[in-house]
Amino acid sequence: MMEIKILSERYNPLLKRKEYRFIVDHDGATPTFKDVKLKLAAMLNANKDLLIVEKIVEEAGMQRARGYAKLYDNEEMMKLIEREHILRKNKIEEETAAEEGE
């Protein structure tokens, strides 16, 4: 089970994106970036390809993690601003296709 609560939402007009800080309450292990990204995209009714989950940090001794995500207005701006390793970490389609092919 995983529940996400958004703490803050801010629009950054210069970078053309919304920035979210959130808390993830979960049972067991810390959820993966993929799981958090898919659930957050569904909650925000957003295109998962334009959503970047920057970080998820576990709070010590609790079944809770804090996170930071960015939802871009367009793909060009996202590719211009985001670092390559963050973009790779947030890719879902290739990952899912590779798992199905195995």
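Trainee: What do strand 3 and strand 4 form, and how many residues lie between them?
Mentor: Strand 3 and strand 4 form a hairpin, with five residues between them. Glycine 61 in the turn has a positive phi of about 75°. Strands here are DSSP runs of E, at least two residues, and helices are runs of H or I, at least four, numbered from the N terminus. This is a predicted model, where local features need pLDDT of at least 70, side-chain atom pairs count only at pLDDT 80 or more, and totals for chains, interfaces and linings use all residues. Residues are numbered from 1 along each chain as its sequence is written, and side-chain values use heavy atoms, without hydrogens and water.

Trainee: Parallel or antiparallel, and how many bridges?
Mentor: Antiparallel, with seven bridges joining strand 3 (residues 51–58) to strand 4 (residues 64–72). Pairing takes at least two DSSP bridges. Isoleucine 56 stands opposite glycine 67 in strand 4.

Trainee: Switching topic. Which residues have the most contacts inside the largest nonpolar core?
Mentor: Phe22, Val36 and Leu40, in a core of 17 residues. Such a core is a set of buried Ala, Val, Leu, Ile, Met, Phe, Trp, Tyr and Cys residues joined through side-chain atoms within 4.5 Å. Buried means under 20% relative accessible area (1.4 Å probe, protein chains only).

Trainee: Which element gives the most to this core?
Mentor: Helix 1, with four residues. A second, separate core has six residues, including Ile52, Tyr72, Met78 and Leu87.

Trainee: What does phenylalanine 22 contact?
Mentor: Leaving aside neighbours within four places in sequence, its contacts (heavy atoms within 4.5 Å) include Ile4, Leu7, Val53 and Tyr68.

Terms used: Buried < 20%, exposed > 50% of the residue type's maximum accessible area, 1.4 Å probe, protein only.
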